[in-house]
Amino acid sequence: VKWRDSIMAYKQHFIEWFSGKQLPSYWTSTQFYGNGSDAMSDEVDGGYKITGGNGGSSQSQIIGFNDKCQFSHQGSVFNTVMKMSSTDNVTAKVGLKKNTSGGFNDSNASFFGDSAVGYFEAFSGDNSGRTGVSSSIALNTSWNNHKLTLQTANFLYHINGVLEVTKTDRLPVEKMQPSLQIANLNTTVKSISCRFLEVYNT
């Protein structure tokens, strides 16, 4: 077992507590379409805050592993505790993804918070297309536990310990990396905050 800062790495078992003054160097921050930002939150247990820009038209910010893909598309778990600052004119995509810079048509398995839908969704793509299936949990600004379990023939989405979606179509076809993304759809600044993240191969 090897400890370094706030991660534990053993057979691709990764844990991040998002503590300290800055994002550890194994993460890469990417700014899309504007003036977004990300930083440790100056709040008790505030975690890491990723903020979209205020220029409108999908101002987007994302963090990932710079396309170092270690987690299986057919046997891995992504588990996180996070919240959204707003449910209005916003899109959040959090989970496993092939490319930091690529679109969500590439291999991905995520949960999707989209104000146009109004509910958290299980969302995935297989390099040819993408689909989403809504849960019964409306978008909210509370801290929630989201767990994604990737298996050979399906993708399970739990919210706060309850199975909400079993998704069987458009499953990812390649190994992936953790990815956290926020996109603002108008000029009001919005963010997502994450205070715990765990990913491991099963």
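**Entry 1: aromatic pairs**

I searched the whole structure, a predicted model, for aromatic pairs and got eleven. For this, rings of Phe, Tyr and Trp (its six-membered ring) pair if their centres lie within 6.5 Å; planes under 30 degrees apart count as stacked, over 60 as edge-to-face and the rest as tilted.

I looked at Phe18 and Tyr48, which make a stacked pair with 5.8 Å centre to centre and 25 degrees between the planes. This pair links distant parts of the chain, 30 residues apart: Phe18 is in the loop between β3 (14–16) and β4, and Tyr48 is in strand β6 (residues 48–51). I checked burial too: Phe18 is buried at 4% relative accessibility, and Tyr48 is buried at 3%. My cut-offs are under 20% relative accessible area for buried, over 50% for exposed, and partly exposed in between (1.4 Å probe, protein chains only).

Next came Tyr26 and Phe65, an edge-to-face pair with 6.4 Å centre to centre and 85 degrees between the planes. They sit 39 residues apart in the chain, Tyr26 in the loop between β3 and β4 and Phe65 in the loop between β7 and β8. Tyr26 is buried, with a relative accessible area of 16%, and so is Phe65, at 7%. Stepping back, I saw ring pairs link Phe14, Phe18, Tyr26, Trp27, Tyr48 and Phe65 into a cluster.

**Entry 2: the nonpolar core**

Which residues have the most contacts inside the largest nonpolar core? I found Phe18, Trp27, Leu180, Ile192 and Leu197, in a core of 37 residues. A nonpolar core here is a set of buried Ala, Val, Leu, Ile, Met, Phe, Trp, Tyr and Cys residues joined through side-chain atoms within 4.5 Å. As background, nonpolar side chains in soluble globular proteins tend to be buried together.

I then listed the neighbours of Ile192, leaving out residues up to four places away in sequence; among them are Tyr48, Ile50, Met82, Val94, Leu180 and Ile182. Contact means heavy atoms within 4.5 Å.

**Entry 3: the open sheet**

I traced seven strands forming an open sheet with antiparallel pairing, in the order β4-β7-β16-β9-β10-β11-β12. The edge strands, each pairing on one side only, are β4 (28–32) and β12 (130–138). Neighbouring strands of this sheet are turned by 20 degrees against each other on average, direction ignored; the axes are lines fitted to C-alpha atoms, for helices over the stretch in contact, and angles run from 0 to 180 degrees between N-to-C directions.

Strands (E, at least two residues) and helices (H or I, at least four) are DSSP runs, numbered from the N terminus. Two strands pair if DSSP finds at least two bridges between them.

Inside the sheet I followed β9 (residues 90–97) against β16 (residues 177–184), an antiparallel pairing over eight bridges. Here Gly95 stands opposite Ser179 in β16.

**Entry 4: around β13**

Is β13 largely enclosed or open? Five of its seven residues are buried, so β13 is largely enclosed by the rest of the structure. On one pairing, seven bridges join β8 to β13 in antiparallel fashion, with Val77 opposite Thr149 in β13. β13 also pairs antiparallel with β14 (residues 155–159) over five bridges, where Leu148 faces Tyr157 in β14. β13 and β14 form a hairpin with four residues between them.

I also stopped at Thr141, in the loop between β12 and β13 (144–150). Thr141 is partly exposed at 42% relative accessibility. Leaving out residues up to four places away in sequence, Thr141 touches Lys83, Met84, Ser85, Ser86 and Thr87.

**Entry 5: positive phi**

Asp67 has a positive phi of about 65 degrees and lies in the loop between β7 (59–64) and β8 (76–84). Asn127 has a positive phi of about 80 degrees and is in the loop between β11 (119–125) and β12. I found Asp67 partly exposed at 37% and Asn127 partly exposed at 32%.

**Entry 6: confidence and conventions**

The chain averages a pLDDT of 89, and 92% of the residues score at least 70; pLDDT is the predictor's confidence in each residue, from 0 to 100. Over residues 1–9 the pLDDT is below 50, and this stretch has 20 contacts in the model beyond near neighbours in sequence. Where pLDDT is low, the predicted coordinates should not be read in detail.

Residues are numbered from 1 along each chain as its sequence is written, and side-chain values use heavy atoms, with hydrogens and water left out. In this predicted model, local features need pLDDT of at least 70 and side-chain atom pairs count only at pLDDT 80 or more, while totals for chains, interfaces and linings use all residues.
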